[in-house]
Amino acid sequence: MFGKRTSFGGNTNGQAPKPAPAAAPPKAPVEANRQSSPPPAAALKPQTPAPEQEMRVEGDVKDRGVDSEYFKTKSSVFNALIDSIDLSQLATMEIEAAREEIRDIVSEIISLKSIVMSISEQEDLLEDICNDVLGYGPLEPLLARDDIADIMVNGAAKTYIEVNGKVRLTNVRFRDNAHLMNVCQRIVSQVGRRVDESSPICDARLPDGSRVNVIGPPLAIDGASLTIRKFKKDKLTLDQLVKFNSISPDGAQILQILGKVRANILISGGTGSGKTTLLNCLTAFIESDERIITCEDSAELQLQQPHVVRLETRPPNLEGEGEITMRDLVKNCLRMRPERIIVGEVRGPEAFDLLQAMNTGHDGSMGTLHANSPREALSRLESMITMGGYALPSRTIREMIVSSVDVIVQAARLRDGSRRITHVSEVMGMEGDVIVTQDIFIYDIVGEDANGDLIGVHKSTGITKPKFAERARYYNEELNLVEALERANTDTMGAA
């Protein structure tokens, strides 16, 4: 069964319909199930009549052959359901009990209306209506699939997904742009945000941490655009990244040691390259007794340590006041006695405060930023500090970067859709006005196979005692570090 979820957002765009008069189909008895925490009443407010959508998503667009009569029947049954059900009582029920109650009432309506449907059509209809009333409508079957990385809704008529690094068109669609905006509002209202004509851009998240971006009219000309970066139900680990060939076993051990020895790490990469996933993997090696404070635009990180404080920015209100920026969060968390500060994404003047934190006793801090190479990451870091209005000489900023950042890990999504960790580079120091870096590991592309998939190898650059070996010695990890580097060097020469 598609779309069973544990929590739902409310549709704040209207009041719940009142129960219908006696002429409507008889109301089914609704008994409140209070054995677990009930959902908020807003979570059960229905959408407008069910959208015309394709519930089974194929790799390519395929029509199941359902004619317009099916969709007319669905709208008729949906309207009869709203007239028949007592929403005030339904709102007190557990989600699963509410779903079963809706299914029972829909089955009764089908019987009363003498609607002739096949078993499969009836099951599709039941699931469609349950998703519209309790969930995210057409998005439910997509959210239930764990192999989808991104969901991209371009207006009511077109929905794309990314599977295995490839973007594919689906035949999932909404009834109209108004229904799409209702679903968007339902999603963002869960985290106390809104999206409408006065505030058409919104960043939010789903209960599982999946990232959501909405841009609506009048900025989006052809209807609202909804983008969801899905998180897998099972969190990826470094061992799984090795299994997927994103990094070699020796490279994974180096990253594990970097996490243990409290190295200051920047994860660099383009959009969709896996920066947040890699950051989650590295945080797995933080000791459980360390106090960690995370700062994010929308809370995505899923740390497993017990002592974690999660902070999230806040957009301005209707009057343009009350905004809390990333820089405000980073400055404030310095007063919260952190041992490690983790910034979900560095994209502005908060870079200056993060570097100061790294250089003033908060070793092991981490962050991500958008850049296409380790050298470009350093340049972007300098540019972000300059954009913050700091009238500092370039050399001073670069010296601050050198004294704060130990390692840059570069992630990339290659043209075949695969994600690889392409560089593990350490920051060495300054030569004149230039920051000196050296690569420890690189990913070398050697060709492609008959299917167009790239063939490459993670290889050592031959450096067996990097600068951060001193830090590894302090944490009794120097021997493991040297052995991993020597083994990687030997494996590389053997492969050559």
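β5 and strand β6 (residues 225–229) pair in the antiparallel sense, with five bridges between them. Within this pairing, V214 stands opposite L226 in β6. This is a predicted model, so please read everything below with that in mind.

On β5's other pairing, five bridges join β4 to β5, and these two strands also run antiparallel. Here I201 is the residue that stands opposite I215 in β5. β4 and β5 form a hairpin with five residues between them, and in the turn G209 has a positive phi of about 95°.

## The two faces of β5

In a regular strand the side chains alternate between the two faces of the sheet. Strand β5 (residues 211–215) has V212 and V214 on a covered face, while R211, N213 and I215 make up an uncovered one.

Have a look at the loop between β5 and β6, where P218 lies. A cis peptide bond joins P217 and P218, with omega at about 5°.

S298 lies in the loop between β8 (292–296) and β9 (308–312). Is S298 buried or exposed? S298 counts as buried, because its relative accessibility is 7%, against a cut-off of under 20%.

Leaving aside residues up to four places away in sequence, S298 touches A204, R211 and E312. One of these contacts, R211, is 87 residues from S298 in sequence, yet their C-alpha atoms are 7.2 Å apart in space.

Which strand gives the most to the lining of the second largest pocket? That is strand β4 (residues 201–205), with three residues. By class, the lining has nine charged residues, eight nonpolar and seven polar.

Helix α11 (residues 350–358) is largely enclosed by the rest of the structure, because eight of its nine residues are buried. Those buried residues are E350, A351, F352, D353, L354, L355, A357 and M358.

What covers the buried residues of α11? The cover includes the strands β7 (265–269), β10 (340–343) and β11 (366–370), together with the helices α10 (326–333), α12 (374–387) and α13 (394–404).

R337 has a positive phi of about 55° although it is not a glycine, and R337 lies in the loop between α10 and β10. Both α10 and β10 were named above among the elements that cover α11. R337 counts as exposed because its relative accessibility is 57%.

N476 likewise is not a glycine, and has a positive phi of about 60°. You will find N476 in the loop between α14 (469–474) and α15 (478–495). With a relative accessible area of 70%, N476 is exposed; the cut-off for that is over 50%.

Terms used: Residues numbered from 1 in each chain as written. Predicted model: local features only at pLDDT ≥ 70, side-chain atom pairs only at ≥ 80, totals over all residues. Heavy atoms only, no water. Helix = DSSP H or I, 4+ residues; strand = E, 2+ residues; numbered from the N terminus. Nonpolar A, V, L, I, M, F, W, Y, C, P; charged D, E, K, R; others polar. Buried < 20%, exposed > 50% of the residue type's maximum accessible area, 1.4 Å probe, protein only. Pairing = 2+ DSSP bridges. Contact = heavy atoms within 4.5 Å.
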